[in-house]
2 protein chains.
Amino acid sequence: MSKTLPLLSSGPSERADAARNRSALLDAAAELMAGCGVDALTMDAVAARAGVGKGTVFRRFGSREGLMASLLDHREAEWQASVISGPPPLGPGAAPMERLLAFGASRLRLHLDQGALIEAAGRTWGENYAVLGFAAMHVRLLLTELGVQGNLHYLATALIAPLSVPVLRQQIGVGHMSEEQVLAGWEELVRKVVA
Amino acid sequence: MSKTLPLLSSGPSERADAARNRSALLDAAAELMAGCGVDALTMDAVAARAGVGKGTVFRRFGSREGLMASLLDHREAEWQASVISGPPPLGPGAAPMERLLAFGASRLRLHLDQGALIEAAGRTWGENYAVLGFAAMHVRLLLTELGVQGNLHYLATALIAPLSVPVLRQQIGVGHMSEEQVLAGWEELVRKVVA
DNA sequence: GATCAAAACGGACCGTGGTCCGCTTTCATT
DNA sequence: AATGAAAGCGGACCACGGTCCGTTTTGATC
């Protein structure tokens with residue numbers, strides 16, 4: 001996650017031109033992606049569209065994966081906000097089990113919607129502590145509230161794992177499950193773990 | 001999975017020169033990888049070492065990922081064989097629960113050992129029906145024997161998901177779990193699902 | 001063993017991600 | 001406002017994955 005994620009940001013501030021270019025690059029990337037899809041997005045095109053040199057793109061985002069991760073930050077921050085303070089059942093106010101099932105459904109949708117982008121972001125996104133860490137923390141908390149016994153940290157990551165993009169792609173694309181079947185299966189898994 | 005996997009192979013046979021080159025390329029790749037690691041392996045280097053043109057490498061394996069997948073085929077085939085007909089508790093002869101736990105431990109080891117190669121093989125390997133499909137089928141069978149109720153196909157894939165390379169890397173690398181903790185956690189998960 | 005179509009070969013060529021380094025901009029300090 | 005060092009900039013340059021197509025090899029058939 002980069003400085004663009006409000007949840008974690010701050011830092012020693014960015015020079016004015018740098019901030020302007022970062023924003024221009026993110027806009028350019030989003031526009032190009034909307035037109036051509038994730039895979040056809042080239043760094044040269046982004047730089048050209050934003051009216052900056054290619055080197056600038058790499059200084060700001062480190063790599064293509066880093067740029068993709070920054071594009072995801074937006075969506076992820078919104079999602080995290082809706083978990084922390086959005087309306088129930090995803091947000092606080094609902095019973096733990098309801099929240100947990102809403103979490104699964106919501107995460108499933110997010111991963112299906114942003115799948116291509118998430119895969120394009122690769123490890124930069126996938127091994128980011130702030131992303132999986134937040135989800136794991138949340139699930140762990142809900143499991144605690146549900147009175148589940150055992151290594152809750154592990155169980156939380158294990159419940160999140162079947163919602164990951166590669167697994168979903170395998171289940172839906174190769175295994176020919178429907179989205180509903182996957183969600184129903186996950187709920188069944190959760191109930192067995194919680195029971 | 002490619003023609004090199006005995007479990008699935010045959011086909012209308014390969015011309016003698018093609019077979020010779022395939023074998024030479026796999027050897028060259030394995031040797032270079034042993035020396036320089038997975039990431040430093042370039043297609044040009046493999047071609048040069050095998051004494052063939054670059055085009056030949058791509059005709060045989062399709063892509064870099066395809067070459068990596070072919071290198072994995074060997075190990076995967078051995079592993080599948082040990083599940084199907086190796087000694088207990090991984091192979092037949094042990095009680096279903098023992099076999100299931102042995103499956104987890106074995107798969108965990110395989111993924112930790114071959115992690116870099118598996119990631120380098122990307123979707124070519126990861127979405128391969130013959131790989132995840134075999135594991136899912138096996139787990140599904142064991143769950144049946146254990147009398148588990150529900151959507152066993154989904155539960156099988158959900159139990160395999162936490163053993164995937166990205167999840168393991170996250171748990172061990174970022175979350176600072178030990179290999180033993182991960183395995184213990186997975187066993188706990190299995191017992192909750194089976195119970 | 002001659003013939004020939006299909007298969008395979010090789011390496012020049014291309015696009016893209018990523019680096020490098022000399023020049024320019026910013027901004028804190030005075 | 002002048003100054004200077006740090007931060008940023010740009011685009012030429014490089015390495016590597018992947019493609020293309022004219023040439024060569026193979027092996028089935030006669």
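In the predicted model, a polar side-chain atom of A:Lys54 lies 2.7 Å from a base oxygen of DNA strand C. This pair falls under polar contacts (N or O atoms within 3.5 Å; within protein, one must be able to donate a hydrogen and the other to accept it, and residues adjacent in sequence count only if both atoms are side-chain atoms).

DNA strand C is surrounded by 22 residues, a residue being near if one of its heavy atoms lies within 4 Å. Among the closest are A:Arg64 and B:Asn21.

Between the protein chains, 31 residues of chain A are in contact (heavy atoms within 4.5 Å) with 30 residues of chain B. The rule finds four salt bridges across this interface, each defined as a side-chain nitrogen of Lys or Arg within 4 Å of a carboxyl oxygen of Asp or Glu. In the one formed by A:Glu127 and B:Arg169, the closest N and O atoms are 2.5 Å apart.

Residues are numbered from 1 along each chain as its sequence is written, chains are lettered from A and ligands numbered from 1 in the order in which they are written. Local features need pLDDT of at least 70, side-chain atom pairs count only at pLDDT 80 or more, and totals for chains, interfaces and linings use all residues, while side-chain values use heavy atoms, with hydrogens and water left out.
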